[in-house]
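Visitor: I have not looked at this one before. Can you walk me through it?
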Amino acid sequence: VFRGRILARRLVGQETRYEVEVKTPYRHRFPLVAREYLWVANTCGCPGLREGEEYLLMARRHVNYERTLNRILLQDDGYARPWTPREDRLVREAAQHC
């Protein structure tokens, strides 16, 4: 779970790749750097992440069977909400209990 600002969006094959500036990592099981690529397995624009906007994102690390692909994937059941101070407070409170 992290807060990020969408810098760019690009369609790559049958997927969408977002360049994201990681603002605040809340809970992560793998290291995040200041800029990451976030992948979505469709090109329909779902979820509707807009360039320049900040979001609270819950994504997974995806490593393929051959271990040749390692990326951050926002799945269909992932969480992508516009970031607000309220969202920040809720995530911080939840992190204390988890």
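Guide: Let's start with burial. This is a predicted model, and 33% of the 98 residues of the protein chain count as buried.

Visitor: What about the surface, how much is there and what share belongs to carbon and sulfur atoms?
Guide: The protein chain has an accessible surface of about 6700 Å². Carbon and sulfur atoms account for 47% of that surface.

Visitor: Which helices and strands are in the chain?
Guide: The protein chain has seven strands and one helix. Read from the N terminus, the order is β-β-β-β-β-β-β-α.

Visitor: And why is it called as compact as a globular protein of that length?
Guide: The radius of gyration of the protein chain is 13 Å, and the globule rule gives 13 Å for 98 residues, so the chain is as compact as a globular protein of that length. The C-alpha trace spans about 40 × 30 × 25 Å along its principal axes.

Visitor: Back to the strands. What order do they take in the sheet?
Guide: The order is E5-E6-E3-E2-E1-E4-E7, in an open sheet of seven strands with mixed pairing. Strand E5 (60–63) and strand E7 (79–82) are the edge strands, each pairing on one side only. From one strand to the next, the twist averages 45°.

Visitor: How many bridges join E1 to E4?
Guide: Four bridges join strand E1 (residues 2–12) to strand E4 (residues 54–58), and the two run antiparallel. Phe-2 stands opposite Leu-57 in E4.

Visitor: What share of contacts join residues at least 24 apart?
Guide: In the protein chain, that share is 51% of the contacts between residues at least 6 apart in sequence.

Definitions and conventions. Residues numbered from 1 in each chain as written. Predicted model: local features only at pLDDT ≥ 70, side-chain atom pairs only at ≥ 80, totals over all residues. Heavy atoms only, no water. Pairing = 2+ DSSP bridges. Axes fitted to C-alpha atoms, helices over the stretch in contact; angles between N-to-C directions. Rg over C-alpha atoms; globule rule 2.2 N^0.38 Å. Buried < 20%, exposed > 50% of the residue type's maximum accessible area, 1.4 Å probe, protein only. Contact = heavy atoms within 4.5 Å. Areas by Shrake-Rupley, 256 points an atom, 1.4 Å probe, with all protein chains shown as cover.
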